[in-house]
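Visitor: I am new to this structure and would like to learn how to read it. Could you walk me through a few of its features?

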Amino acid sequence: MENEMAIKVLLVDDHEMVRIGLAAVLSTEEDIEVVGEASNGAEGIRLAQEYKPDVVLMDLVMEGMDGIETTRRLLQLYPECKVIVLTSFLDDEKMYPVIEAGAFSYLLKTSRAAEIAQAIRAAVKGQSILESQVASKIMNRFRQPKAAAPAHEDLTEREMEVLRLIASGKSNQDVADELFIGIKTVKFHVTNILAKLGVEDRTQAAIYAFKNGLVD
């Protein structure tokens, strides 16, 4: 008789021996029940809809739909489910996308059985478990200084108009005539533009505009 209080777990992994091993290990836990096993992402989504597991143990690298896309689609259909990634990979190209897709915890297949069971129990309580190396990578990513915003983002809307006209070869008088403003106002704007862009003259300002795609 099924234990209605047990945590329902679905295994999604394209290696049969991995699924057999996980199912055997988790079957020894009284409060955890493996309700299904899927050998690919599409089957995993179908079984998740059928069994409505509390937790899905998700492999990352599978033929066809990988674990990243499977996680994304599964959580769109069944957002209350908790996906625990169980993989051999720690590279950024797989780790960050699956976390962004909604993976709740991230473990390596070298994890001990007790650690996997602990992560399953923690997941249903809303607690994420991250492999120590994964946690370090995430922390280091947040510690990296953000790239400085482009200098032209400090320009006002009017200064951007003046810059574009300068880049198109307009003189100060031409700019004044086109924008219906005084020549002194144009000179004021040009001075501000040069200071904000960190350039010395109109020519350098025009080059900056072209390099940054501000004009055609």
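This is a predicted model: local features need pLDDT of at least 70, side-chain atom pairs count only at pLDDT 80 or more; totals for chains, interfaces and linings use all residues.

Visitor: What is a salt bridge?

Guide: Side chains of opposite charge can pair when their charged atoms come close. The rule used here asks for a side-chain nitrogen of Lys or Arg within 4 Å of a carboxyl oxygen of Asp or Glu. By this rule the count is 14 salt bridges.

Visitor: Where do arginine 73 and glutamate 69 lie?

Guide: Both belong to helix α3 (residues 67-77), four residues apart, about one turn of the helix. Helices (H or I, at least four residues) and strands (E, at least two) are DSSP runs, numbered from the N terminus.

Visitor: Which parts does the salt bridge between arginine 19 and glutamate 37 tie together?

Guide: In that pair, the closest N and O atoms are 3.6 Å apart. Arginine 19 sits in helix α1 (residues 16-26) and glutamate 37 in strand β2 (residues 32-38), so the bridge ties together parts 18 residues apart in sequence.

Visitor: Is arginine 19 buried or exposed?

Guide: Buried means under 20% relative accessible area, exposed over 50%, and partly exposed in between (1.4 Å probe, protein chains only). Arginine 19 has 12% relative accessibility, so it counts as buried. Glutamate 37, at 34%, counts as partly exposed.

Visitor: What about arginine 121 and aspartate 31?

Guide: Their side chains meet in a salt bridge of 2.6 Å, N to O. Arginine 121 is in helix α5 (residues 113-124) and aspartate 31 in the loop between α1 and β2, so this pair ties together parts 90 residues apart in sequence.

Visitor: Which residues are linked in a network of salt bridges?

Guide: Asp13, Asp59 and Lys109 are linked that way.

Visitor: How many bridges join strand β4 to β5?

Guide: Two strands pair if DSSP finds at least two bridges between them. Four bridges join β4 (residues 82-87) to β5, and the two run parallel. Threonine 87 has leucine 108 in β5 as its bridge partner.

Visitor: Which faces of strand β5 are covered?

Guide: Both faces of β5 (residues 105-108) are covered, with Ser105 and Leu107 buried on one side and Tyr106 and Leu108 buried on the other.

Key:
Residues are numbered from 1 along each chain as its sequence is written. Side-chain values use heavy atoms; hydrogens and water are left out.
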